[in-house]
Every structure is written in structure tokens, then in C-alpha cells.
Amino acid sequence: MLERWDGMSRKKIAMILFAAIAVLAVLLFAVYINHRLHLSREAELRLPLGQLVEVDGHNMSVYVEGTGGRTLVFLSGGGTCSPILDFKSLYSRLSGEYQIAVIEKFGYGFSDVVDKSRELDSILEDSRAALTEAGLTAPYVLCPHSMSGLEALYWAQKYPEEVSAIIGLDMAVPAYYDSMTIDIPLMRAAGWAANAGITRLIPGISESDAVKYGTLSDWEKEIYKAVFYSRTATVTMINEAAAVKENAAKVNRLGVPQLPMLLFLSDGTGGTGFDKETWRGIPMEYIAQVKGGAYVELDCPHYVHDYEYEAISQHIIEFLSNGASIG
């Protein structure tokens, strides 16, 4: 009798589990279908804002605005879904003085999602090819945010004649990655959730700093949100994160490039994982090794260009006018 009861209990448990899995599968399918329907409706919002150029057989997005004797090239931080709109509050204040270019690397913005190596040489050659295809010529003033600081430094190391200055928007330097933890499994889970449409169920998740604190129009905010739902934790972004420690080590081995360099430093909040003192101390030690280097401390989170765009633009104009340093 007890064996029969145990058998019935196990059968009942199995049926409950099966039913729960079936319900979960139906819910996930419904969420996925909802996501696909939204993506279809948002197609107009995802029409490229700049030009698409062919790089390595794929489409890469480059946005160009303004004219002038210098070209400022903006390079986004890791995981920034819409670089063109993320930087807009800042570059719109500079395009009257300079030519502005925003590169959207593969996996970002309006560029194709490509499962390829994100070793520094691969990233850099993509960027150089994209600018050439867009009709731009070096030398450039590189304006990297966060992780792209490694690309900018490597660019100056490998092709010094192509980089006239670096303006770091709370950019990364190699020493940050000595102790930084990169959780690739978590990123892959986030990518799966984004592809399944689960992120659409999280209130406010698409409200980036650019949307909340920048100067985007209501229409541009809608574009940003639409891009977010199609460019979150892409495989290209994940490959970039997986390679970042080796990329940082490579830049470190090549030494500190000597060229005019201005760093804008945040207070470390906004997802850096560091306390204020450590976050600022690392780049201060780095810039101290650069002849013609300077830094500006800002009391704002990591996406400095979405908060202090007025002050940053004024400092940039002064820095470039002086050729090496701010007053």
C-alpha cells in the first residue's frame, strides 16, 4: 500500500512539474511573440541615423556632422546600445567648431551584429576602415568613453600619425582591469533575456542616462528605446567583454603614448564597480605619465557626457585651441 502511495505521489509531482513547465513555456512564447511584434512596429524607428558603410562584408554605422579643421571621433563604452544618440548632447555643442564622427562598432546601434573576434586589432581595423569608407581622413581627435579608452590608446600606440589628441570621457585605462570582474555568464543570460523579449517587461530599463538627463528630443528618445530592445548584450558586445582583460594587458605592455590628452573623470557612480577614490586615482596616475596631459574632475556618474555636456564642450574647445592643456 505504501509503495502504491509513493508511486502515486511521484506521478502527481511529475504531472505538476510538467504542467508548470508547460505554462512557463507558453508564457515565454507569448513574451517572445510580443517582442517580435514590437520589433516589427519599431522598424521605422530603427532606420539608420547616419550612413552604413561596408566593413569586412558587413554594415557598420558611422554618423558625421559639422565641418572644421579637426575631426573628433567618438567611441562608445561597452554595452552602450545607441552611441549616436548617447553622445548627441555633447557633440551637438561641438559640431559648429569641428567635424564630428561617431563610430557604432559591430553589435551596436545601427551596425550589424557580428560574431567575430573583438581582439584590439580587429576592433581598431574595423574603426579605421569605417572612417575611410565614410570619406574621413586622419589625423583624428579620439573621444572614447569607458572601455573604448583601450582602443583609443592602442590606436595612438600603433598609428601615432593618425591620432592628434585623446579626449577621454571617463575612459578606461589598463589598470582598471587588473581587479575588475567580467561576468560573461551573466552577460549571456542578459542577452538571452533581451532576445526573448523579457527585458520589455522590466519597467524603466530602457531609460538610459542619455534619455533621462541629456538633450534628446521626444522622437530621439523613442528611437533610443527602440534601438535598446534590439541591441542589448549582443554577441558582439559579449565577445568584446570576454577579450577586454587581454586587450588591456596588450595596451599596458606597449607603454603610455605621448600626445595631448585630456581626461574627464566621473565620481565613479553609475556602474563602474569602484569607489570614488579608486576610480579617480587610477587615471590620475596614468595621465601623470603623459607630457601634455590634463584632467578634469566632474561630480557626476560614469556617462559624463550625458550630465556635464556644457562644461565638457567648453573644456574641449579650450583644450584643442591651446593645443595641449586647459587653462
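A: The answer begins with the chain as a whole and then turns to the charged pairs and the segments around them.

The model is predicted, so local features require a pLDDT of at least 70 and side-chain atom pairs a pLDDT of 80 or more, whereas totals for chains, interfaces and linings use all residues. Residues are numbered from 1 along each chain as its sequence is written, and side-chain values use heavy atoms, with hydrogens and water left out.

The secondary structure of the protein chain consists of 11 helices and eight strands; these are DSSP runs numbered from the N terminus, helices (H or I) having at least four residues and strands (E) at least two. Along the principal axes, the C-alpha atoms fill a box of roughly 90 × 40 × 35 Å. Of the 327 residues, 51% count as buried, where buried means under 20% relative accessible area, exposed over 50%, and partly exposed in between (1.4 Å probe, protein chains only). Among contacts with a separation of 6 or more, 77% are between residues 24 or more positions apart; a contact requires heavy atoms within 4.5 Å. The chain carries 27 positive and 40 negative charges, whose mean positions are 8 Å apart. For that count, Lys and Arg are positive and Asp and Glu negative, with His and the chain ends not counted, and each charge is placed at NZ of Lys, CZ of Arg, CG of Asp or CD of Glu.

Side chains of opposite charge can pair when their charged atoms come close. A salt bridge is here a side-chain nitrogen of Lys or Arg within 4 Å of a carboxyl oxygen of Asp or Glu, and this rule gives a count of 19.

One of them joins the side chains of glutamate 240 and lysine 105, with an N to O distance of 2.8 Å. Because glutamate 240 lies in helix H9 (residues 235-253) and lysine 105 in the loop between strand E4 (99-104) and H4, the pair ties together parts that are 135 residues apart in sequence. Glutamate 240 is buried, at 4% relative accessibility, and lysine 105 is likewise buried, at 4%.

A further salt bridge links aspartate 121 with lysine 158, their closest N and O atoms being 2.5 Å apart. This pair connects distant parts of the chain, aspartate 121 belonging to helix H4 and lysine 158 to helix H5, 37 residues apart. Aspartate 121 is buried, with a relative accessible area of 18%, whereas lysine 158 is partly exposed at 35%.

Glutamate 222 is partly exposed, at 38% relative accessible area. Elsewhere, salt bridges with shared partners join Glu119, Asp121, Glu125, Arg128, Lys158, Glu162 and Lys250 into one network.

The helix that holds lysine 158 is itself largely enclosed by the rest of the structure, because 10 of the 11 residues of H5 are buried. The buried residues of H5 include Glu151, Tyr154 and Trp155. In the loop between E5 and helix H5 (148-158) lies serine 146, a residue other than glycine with a positive phi near 50°. Serine 146 is buried, at 16% relative accessible area.

The loop between helix H4 (120-133) and strand E5 (140-144) holds proline 139, and the peptide bond from alanine 138 to proline 139 is cis, with omega near 10°. Alanine 134 lies in this loop between H4 and E5 too and is buried at 16% relative accessibility. Beyond its neighbours within four places in sequence, alanine 134 is in contact with Gln51, Val53 and Val62. Its C-alpha atom is 9.4 Å from that of alanine 101, a residue 33 positions away in sequence.
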